[in-house]
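Student: Could you take me through one part of this structure closely, and then connect it to a few other places that deserve a careful look?

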Amino acid sequence: MDNKYTSEYFQNLPDSLVWFEDGSLNMAYNVLDHNIEKGNGNKTALIYEAEDGTTTEITFFSLVRKSNRIANYLHQIGIKKGDRVSIFLPRIPELFYIFLGIMKTGAIASVYFSAFESEALKDRLSNSGSKIVFTNKNLLPRVEKIKNDLSELSSILVVDNEEFIAEYESQSDSFETAHTQAEDYAFMLYTSGTTGKPKGIVHAHYAIIQQIASAKLCLDLQPNDVYWCTADPGWITGIVYSILSNWALGITTVVYGGKFEAEKWYEIIAKHKVTVWYTAPTAIRMLMAKGEELVQKHDLSSLRFLASVGEPLNPEAILWGNKVFGKFFHDTWWQTETGSIMIANTPSLGIHPGSMGKPLPWVEAKIMDDNMEEVVVNEEGNLCLKPYWPSIMRTIWQDEEKYKSYFKDEWYISGDKAKKDEKGYFWFIGRADDLIKTSGERIGPFEVESVLIEHPDVVEAGVIGKPDVVRGEIIKAFVVLKDESLASEKLKSELADFVKTHLAGHAYPREIEFIDRLPKTRSGKIMRRILRAKELGQPIGDISTLEDY
Ligand code: PRX
């Protein structure tokens, strides 16, 4: 295969993918239909538990048929290869098979987290030029509000609407999966950076080869496992490790549709006898806060392997996990852009509490300084990876410039600061930019600032991530008011609500401070690093570019 995104390692993985006879490859076929060929048709693919406790089990056969109906429906309404089709749904079974049905047609699937409000949704739908958006009655008003601003959007499909259901049910449940090429675009996910609007990170069908390999290696998935990944498919973890790699491996997967609640989570593990559990540090810390007694009320003896992702996993959380579950959480590191786990405490490697682990066998990682020179052992630097691997993003939708900015001297620059110790373990230090990680969710300060300044009382705002023992970071906003006398606790909560209703329920500032002016460079850029240093009582550092402050 003449492909710069492969390596000897992946070319030598026998039978790990099904290619069509003409050499084409479709991710969704590998994820679902291949299970029929492997004899998994009658196996439960999805155990779905709704917030009210109702449980639905769906087999691989059934998922294949459901995704085929979606694909036929999309064909019927004129969707073609390369078109963008979006999903704006909560965690319900429809989301899962619609996502795969879209990819079966050769269209590019995109999912938006259901906490987004109209404006955030508009940015994503308009940038992607989506022709179709799938939503439900509950979320429909947010789409209705902006539909007239979306010139490329031709249909809004409401999955719990009778008309849709009738149309869907009238479709054939067999479908000839599109013969896409390995390098054709399969899906894209919007994610935040320090500056500008969210970016559409685009992944290719060939990514599945590495997603499968990484799930096998890092999550220790075995045929009889009952696997629960708690991430929402609005984020990359929920796509790659709750839909793609797990089902491609024929693994029975649990999805819980409700919000986090410690007791409920333990009930789910006990009820479905979850064996492999992939979650996030904030959730683990929230469970810790609820105490050991609650754990002991449930039979969690089915658990065999635990893993974590998305933010630094503190040693206390690992040690607590071992104490109460008798198992260590294995930290894994990766990004929306990398498309699969790159660094991990794999089962064979064992645990080094506080370390992200070692690069996977097919990954070359280095810690480099700003001049792209490798730094010495235990010295902090930029975490860089040698491109190109099969699951790396192929582009950033309509922003080639931004895409190119990730690469320098033939290395991919992750944007994370880290160090490597003498044994080759990598340790996370922090971000090299102002990106915020709150409860493991990625938020760009610019997006929050842009909403705050829309409020009539606000002149300017600077937003940072403030360290928090449970959430990793919380969003803190420094706000300059039009009139100082407006400052009040009431206005603070009004501003927090303003962000909730204009951006997203998960992306609002939990802390707001009114200040006279923001530190800025002479060219007018907000220096968030200074806001952060002040907040933490740290030295302010180099301020030579600062305007008089
Ligand atoms: O800063 C790193 C942090 O999350 C960022 C990527 O976020 P996102 O694209 O949302 O993907 C998250 C899940 C794949 C990284 O640049 N991050 C991710 N994993 C870890 C982490 N920080 C510390 N430790 C980790 N294990």
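Tutor: Glu410 is exposed, with a relative accessible area of 63%, where exposed means over 50%, buried means under 20%, and partly exposed is the range in between, computed with a 1.4 Å probe on protein chains only. Glu410 has a positive phi of about 65 degrees although it is not a glycine, and its place is in the loop between β19 (407–408) and β20 (411–420); helices (H or I, at least four residues) and strands (E, at least two) are DSSP runs, numbered from the N terminus. This is a predicted model, in which local features need pLDDT of at least 70 and side-chain atom pairs count only at pLDDT 80 or more, while totals for chains, interfaces and linings use all residues. Residues are numbered from 1 along each chain as its sequence is written, and side-chain values use heavy atoms, with hydrogens and water left out.

Lys273 also has a positive phi, near 55 degrees, in a residue other than glycine; Lys273 lies in the loop between α10 (262–272) and β11 (276–279) and is exposed, with a relative accessible area of 55%.

Turning to the backbone elsewhere, the peptide bond from Pro387 to Tyr388 is cis, with omega near 5 degrees, and Tyr388 is found in the loop between β17 (381–385) and β18 (395–396).

His34, by contrast, lies in a helix, α2 (residues 27–37), and is buried, with a relative accessible area of 15%. Leaving aside residues up to four places away in sequence, His34 touches Val18 and Tyr29, a contact being heavy atoms within 4.5 Å.
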